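Here's a quick briefing to read alongside the model. Keep the 3D view open and click through the residues as you go.

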Amino acid sequence: MRLSTRIALGAAVLVPLLVAAAGVLLLPLVGADLHRRQDDRLGARAAAVLPNARALLAADSRNRPKVEQNQQRKLLDAALDAGVRVVAADGTVLLSAGSQPDDPARLPAAPSGGAVTVRQGGSAWRVLAVQVGGGSTAGTLWVLAPAGEPADELRAVRRRVLLVALVAAPLSGLIGFGLAERATLPLRRLGRRAAVLDPRAGHAAFAHARTGTAEVDELSSAIALLLSRYDEQADRTAQALDTARSFSSAASHELRTPLMSLRTNLDVLAAHPDLPAGERAEVLVELQQDHARMLDLLSALSALARGDLVELSAFGPVDLAELVDAAVAEAARRHPDTVFRIGELPSEVRVFGWDAGLRILLANLLGNAAVHGRATAHGREAGRNDTPGTDPDTGPDTGPATGPDDAPDDACSAEVTVRLRVGDGAARLTVDDTGPGIPPAERAAVFHRFHRRPDSPGSGLGLTLVAQQAALHRGSVLATDRPDRPGCRLEVRLPLLVPDAPTVRLPSPRDWLSDRERH
């Protein structure tokens, strides 16, 4: 049922009820007014006939019949349509005319203090008794009027109230329908706009134009807000699907080689059960390395996907100095063959960040320096974006052992120096190692996904994770030469948290799994 029809039906029912209720409240007041008016008329008639009643009583006391008859006539003329009764002090009825009870005993004694109602045989009268004269001319005057006159008028009023209620029902329904149609016109227009809206057009197609009707404007704003949230969720869903496709594509491409190597080594073990112990141990080591590489790759891809899908609600005030201290301690545990030195840390460095993302950034920075920060006899250092086992959420490092006892013959122990400074509204984190450094031509490429040297044990995603997290925190990462001695420096800059600053928005989304900007 339409809203205007509901309003019309409500008006058609409510208005007659209000009229009837007003009539119920009004009828007692009207009845009281009618009785008071009748009593006033009785008082006026009594005052008009009182002189003639005195003259009648005087003529009766002097025994003058003709004068008595003349006064009776005058008294009847003055009484008009009212009933009149005059009785002398000795009980002689001198005049009885008009409508009155057959039983005089029902009449009130004078003075009665006002008009009273007298009933007899289903009839009722309003009676006013007046004491007339004194002494030999004393007597009583009664003026009467039928009490049914106000009742008749009250019945007439009831009929009129009922008639008005009956007429008001259709009229109020029609008027209510017209007003409701007028009032709901903006709502119907809004409904038509919403009905033809294409969800693919987004909330921009639902332009809000104020109508002057508060409820309609609020509903229109609510629809626009709902469409905006729908667009956001649709974008998030599309982004999640893109990330899933990228994850699947990258995983299937990068896992093909270690899986084939695993299959080959397993086939060798199965086909040659009597393989010499030395060769069997070599195959098992390769199996372990391939397994570690796959775990590292999946962990890094998972971390990249988390970064691509992180929401602003995950960000908040973070103490970067505390995270750096904890990350250095964890890196020293993971890489016991590496010497980690940490400069004097500020007491507190507050940034607006994602705690888990900053831990990923620090773990990969320090892991990269530990793996590639060794000086080599051949002096080569290419493709450092291959740190193994550097996602702090994936548990202990699963790459091949890198302790002093099994380091390459041409490798020296790595030394890593970590410093955190504050200046120019930013936190500056530097990680220096003692390796050969990165050639200038490759310093931008090391942050690209799957960039690693051919013999690298890692996934090629370590520094990509660093670049991703730096970008998510509206910062930057740069690879340079170490200024004080040979080696590589990785420098990360993150903006400091500004109290009472407006809420920071995340940068434009980028699919780091596929290394492309999202639109």
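What follows covers a helix, some salt bridges, a hairpin and a few loop residues.

This is a predicted model, in which local features need pLDDT of at least 70, side-chain atom pairs count only at pLDDT 80 or more, and totals for chains, interfaces and linings use all residues. Numbering starts from 1 along each chain as its sequence is written, and side-chain values use heavy atoms, with hydrogens and water left out.

**Helix H7**

- Helix H7 covers residues 320-334, and its 15 residues reach 21 Å from first C-alpha to last, close to the 21 Å expected at 1.5 Å a residue. Helices here are DSSP runs of H or I with at least four residues, strands are E runs of at least two, and both are numbered from the N terminus. The expected span is 1.5 Å times one less than the number of residues.
- Buried residues in H7 are Leu320, Ala321, Leu323, Val324, Ala327, Val328, Ala331 and Arg334. Looking down the axis of H7, these buried residues fall within an arc of 155°, so they line one face of the helix. That arc is taken from the directions from the helix axis to the C-beta atoms.
- Glu322, Ala329 and Arg333 are exposed on the other side of H7. Buried means under 20% relative accessible area, exposed means over 50%, and partly exposed is in between (1.4 Å probe, protein chains only).
- Asp319 caps the N-terminal end of H7, with a side-chain oxygen 3.2 Å from the backbone nitrogen of Ala321.

**Salt bridges**

- The whole structure has 15 salt bridges, each being a side-chain nitrogen of Lys or Arg within 4 Å of a carboxyl oxygen of Asp or Glu.
- Asp432 pairs with Arg419 at 3.2 Å, N to O. Asp432 sits in strand E10 and Arg419 in strand E9, so the pair ties together parts that are 13 residues apart in sequence.
- How exposed are these two? Asp432 is buried at 0% relative accessibility, while Arg419 is partly exposed at 24%.
- Asp432 also has a salt bridge with Arg489, where the closest N and O atoms are 2.7 Å apart. Arg489 belongs to strand E12 (residues 488-495) and Asp432 to strand E10, so this pair ties together parts that are 57 residues apart in sequence. Both Arg489 and Asp432 are buried.
- Arg493 and Glu491 meet through their side chains at 2.9 Å, N to O. Arg493 is partly exposed, at 36%, whereas Glu491 is buried, at 11%.

- Strands E3 (residues 116-120) and E4 (residues 123-132) run antiparallel and are joined by five bridges. Two strands pair if DSSP finds at least two bridges between them.
- Thr117 has Arg126 in E4 as its bridge partner.
- The hairpin leaves two residues between the strands, and Gly121 in the turn has a positive phi of about 60°.

- Most residues other than glycine have a negative phi.
- Asn63 isn't a glycine, yet has a positive phi of about 60°. Asn63 is in the loop between helix H1 (3-61) and helix H2 (65-79), and is exposed at 64% relative accessible area.
- Asp424, also not a glycine, has a positive phi of about 55°. Asp424 is in the loop between strand E9 (415-423) and strand E10 (426-432), and is exposed at 82%.

Key: A polar contact is a pair of N or O atoms within 3.5 Å; within protein, one must be able to donate a hydrogen and the other to accept it, and residues adjacent in sequence count only if both atoms are side-chain atoms.
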